[in-house]
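Have the picture open while you read, and take the points in any order you like.

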Amino acid sequence: MPAKLIDGTAIGDKLRAELQVEIRALRARGVTPGLAAVLVGDNAASATYVRMKGKACDEAGLYHETIRLAKETTEAELLALVERLNADHKIHGILVQLPLPTQISTQRILHRVAPEKDVDGFHPENVGRVSIGDPAAFRPATPFGVQQLLLRSDVDISGKHAVIVGRSTIVGRPMAALLLQDGPGGNATVTICHSRTRDIKSVTRLADILIVAIGKPEFVTGDMIKPGAVVIDVGVNRVEDPSLKKGYRLVGDVNFEEAKKVAGALTPVPGGVGPMTITMLLYNTVQAARQWTQP
Ligand code: NAP
């Protein structure tokens, strides 16, 4: 039987509708959750992501500012901007779109964002608090969105073997921390694979839940999946397709056609994890505003 599709657009829409209750309550008390996005340079993909985040804020009734800086911006100038946003009462969440130009230390910038406004969850204070299972910490949007996809698709996570392929600080590692937490959406047995993992197929085939975030188009083939497994494809890759006007199409890190014959449930690309990432950023911004009103 073909895999059930996990529809990230529908689940994200439902979550955004639920979030409206809290946004309206905050606004009624004179607090409009506010997000500042900082974009340095002219990376086309980054500009698209920032535009999508701004649009999502507008639709949700959040205040937002996008600050665009030239690619020659110095680290000192960006640090000064982060300090200004840290002190700005209209702004509850700050995101610095990555990657940054090479003259700027990403770590130094991310570490300067006030932890209580760090809606991306990249500051070491939030990384540490997520790793010890603190629910008040900001969870990075992509793995948080994956966890919500699983919970809201009634996937039983507790006691299951989750295999995560990819160990980045924005997806793989925080994903492991969330699935390990002792509570709803957690209690999995977690294995992480990376580029040095030997015989990766023998590991991925053990997964009840397989989460792939490596940035390699259609890397995971049908024979790497245990029959009936839940497969979450985080990857977003452009592959050339001259038959399309734009000249490319988006594919995930999983071979969708093969996976859907083997998996029990599967996320598509696009329309799976992507919409959840933006939704969880809105969620985190509302959480930041709520926590700001209840210090
Ligand atoms: P990243 O920082 O480049 O990390 C990639 C990870 O994959 C690394 O840990 C790397 O291992 C591992 N890897 C690479 N090749 C591998 C292989 N052949 N076998 C096993 N592991 C391998 O990537 P990322 O930022 O986590 O992003 C991963 C993918 O998710 C990308 O396609 C990205 O566009 C997508 N993404 C999507 C969203 C969304 O909202 N949908 C959000 C974030 C990212 P090493 O550590 O050993 O090098």
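What follows is a set of numbered points on the domains, the sheets, a few backbone details and the ligand.

1. Before anything else, keep in mind that this is a predicted model. The values below are computed from it, with residues numbered from 1 along the chain as its sequence is written.

2. Start with the overall layout. The chain is divided into two domains: domain 1 covers 29–116 and domain 2 covers 141–274.

3. Next, find the three-stranded sheet. Its strands come in the order S3-S2-S4, the sheet is open, and the pairing is parallel. Which strands sit at the edges? They are S3 (63–69) and S4 (93–96), each of which pairs on one side only. On average, neighbouring strands of this sheet are turned by 15 degrees against each other, direction ignored.

4. Strand S2 (residues 34–40) and S3 run parallel and are joined by seven bridges. To find your place along them, look for Ala36, whose bridge partner in S3 is Glu65. As a reminder, strands of a sheet pair through backbone hydrogen bonds, either parallel or antiparallel.

5. Then there is a six-stranded sheet, also open, and again with parallel pairing. Reading across, the order is S1-S11-S8-S7-S5-S6. The edges here are S1 (4–5) and S6 (189–193), and each of these two strands pairs on one side only.

6. How many bridges link S5 and S6? Strand S5 (residues 161–165) pairs with S6 over five bridges, in the parallel sense. A handy landmark is Ile164, which stands opposite Ile192 in S6.

7. The peptide bond from Leu98 to Pro99 is cis, with omega near 5 degrees, and Pro99 sits in the loop between S4 and helix H4 (106–112). Another cis peptide bond joins Val269 and Pro270, where omega is about -5 degrees. You'll find Pro270 in the loop between strand S11 (265–266) and H10.

8. Look for Asn187 in the loop that runs between helix H7 (172–180) and S6.

9. On to the ligand. It is surrounded by 23 residues, and the closest are Arg167, Ser168, Ser195, Val234 and Thr277. By type, the shell around the ligand splits into 10 nonpolar, 10 polar and three charged residues. Which helix gives the most to this shell? That is H10 (residues 273–293), with three residues.

10. An N or O atom in the side chain of Arg167 is 2.7 Å from an oxygen atom of the ligand. Thr277 also has a polar side-chain atom 2.7 Å from a ligand oxygen. For Lys216, a polar side-chain atom lies 3.5 Å from a nitrogen atom of the ligand. As for how covered the ligand is, it exposes 930 Å² when taken alone, and the protein buries 71% of that.

How values were computed:
Predicted model: local features only at pLDDT ≥ 70, side-chain atom pairs only at ≥ 80, totals over all residues. Heavy atoms only, no water. Near = heavy atom within 4 Å. Polar contact = N/O pair within 3.5 Å; in protein donor to acceptor, adjacent residues only side chain to side chain. Areas by Shrake-Rupley, 256 points an atom, 1.4 Å probe, with all protein chains shown as cover. Helix = DSSP H or I, 4+ residues; strand = E, 2+ residues; numbered from the N terminus. Nonpolar A, V, L, I, M, F, W, Y, C, P; charged D, E, K, R; others polar. Domains from an automatic or database assignment. Pairing = 2+ DSSP bridges. Axes fitted to C-alpha atoms, helices over the stretch in contact; angles between N-to-C directions.
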